[in-house]
Amino acid sequence: MARRGDAFGFALQAVRGALRLTQDGLGARLGVSRSTLTRWEIHDELPPIGQRKHIATSFPDVPSELRAALIRSLALDDAFVASLDPPRAPPSPPASPALPPGALDGAFLELCESADVPPARLRAGLIAFLLRAEATGLTLEGARAQLHPAAKAAKKTPPR
């Protein structure tokens, strides 16, 4: 008899194979340890709901049939799954101004220092975030508009 997470384990293995990643590589992309990924792949358990939603949005770069199988295997509610449908006609991205060499590296290192996270650990998550944002047609201005109110609220909240 198949356990509850069997379909998820197989789907996750297929996605990892399509991306040609090791368990360490996929774990870094998802922000989990290799041992956690191993537990998922050998069908021991489904991840907690918050991680399932993160996983469902983490692979815009895999074939759609693999991504659909993975999302189905995550046992998410229908409203969340429907919200993952790609937009009909993504807007064309605006032309980006050329940045001086190293400008992003400096900003990235400042971000790592302020978050007290090693660059190697943050880079994989940041790349995954940017790929998801790009796949949904989110622009830098759109991201700023969505994140800015949260930043204001965080500044008003006194530290504990």
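S58 sits in the loop between α4 and α5. Because its relative accessibility is 0%, S58 counts as buried (under 20% relative accessible area; exposed is over 50%, partly exposed in between, with a 1.4 Å probe and protein chains only).

Leaving aside residues up to four places away in sequence, S58 touches R29, L30 and R132. A contact means heavy atoms within 4.5 Å.

## Basis of the model

Residues are numbered from 1 along each chain as its sequence is written, and side-chain values use heavy atoms, with hydrogens and water left out. As this is a predicted model, local features need pLDDT of at least 70 and side-chain atom pairs count only at pLDDT 80 or more, while totals for chains, interfaces and linings use all residues.

## The chain overall

The chain contains 9 helices and 0 strands. Helices (H or I, at least four residues) and strands (E, at least two) are DSSP runs, numbered from the N terminus. The order of elements from the N terminus is therefore α-α-α-α-α-α-α-α-α.

Of the 160 residues, 26% count as buried. The chain exposes about 11000 Å², and carbon and sulfur atoms supply 60% of that area; accessible areas come from the Shrake-Rupley method with a 1.4 Å probe, and for residues only the protein chains shown count as cover. Among contacts between residues at least 6 apart in sequence, 60% join residues at least 24 apart.

## The nonpolar core

The largest nonpolar core has 19 residues. Such a core is a set of buried Ala, Val, Leu, Ile, Met, Phe, Trp, Tyr and Cys residues joined through side-chain atoms within 4.5 Å. The residues with the most contacts inside this core are F8, L30, W40, I55, F59 and L70. At least two core residues come from each of α1 (6-19), α2 (23-30), α3 (34-41), α4 (49-56) and α5. The largest share, 5 residues, is supplied by α1.

## F8 and W40

The chain has 1 aromatic pair under a rule that takes rings of Phe, Tyr and Trp (its six-membered ring) with centres within 6.5 Å; planes under 30 degrees apart count as stacked, over 60 as edge-to-face and the rest as tilted. The ring centres of F8 and W40 are 5.9 Å apart and the planes stand at 65°, so this pair is edge-to-face. Since F8 belongs to helix α1 and W40 to helix α3, the pair ties together parts that are 32 residues apart in sequence.

Both F8 and W40 are buried. Not counting residues up to four places away in sequence, W40 touches F8, G9, L12, L30, V32, E45, L46, P47, Q51 and I55.

R20 is not a glycine, yet has a positive phi of about 55°. Most residues other than glycine have a negative phi.

Within α2, the buried residues are Q23, L26, G27, R29 and L30. Seen down the helix axis, they fall within an arc of 160°, so they line one face of α2; the arc is that of the directions from the helix axis to the C-beta atoms. Just after α2, G31 takes a positive phi of about 80°.

## Helix α5

In α5 (residues 64-73), L70, I71 and S73 are buried. They lie on the same side of α5 because they cover an arc of only 165° around the axis. S64, E65 and R72, on the other side, are exposed. An α-helix has 3.6 residues a turn, so residues three or four places apart point the same way.

I71 counts as buried because its relative accessibility is 9%. Between I71 and T57, which are 14 residues apart in sequence, the C-alpha to C-alpha distance is 8.7 Å. Just after α5, A75 takes a positive phi of about 55°.
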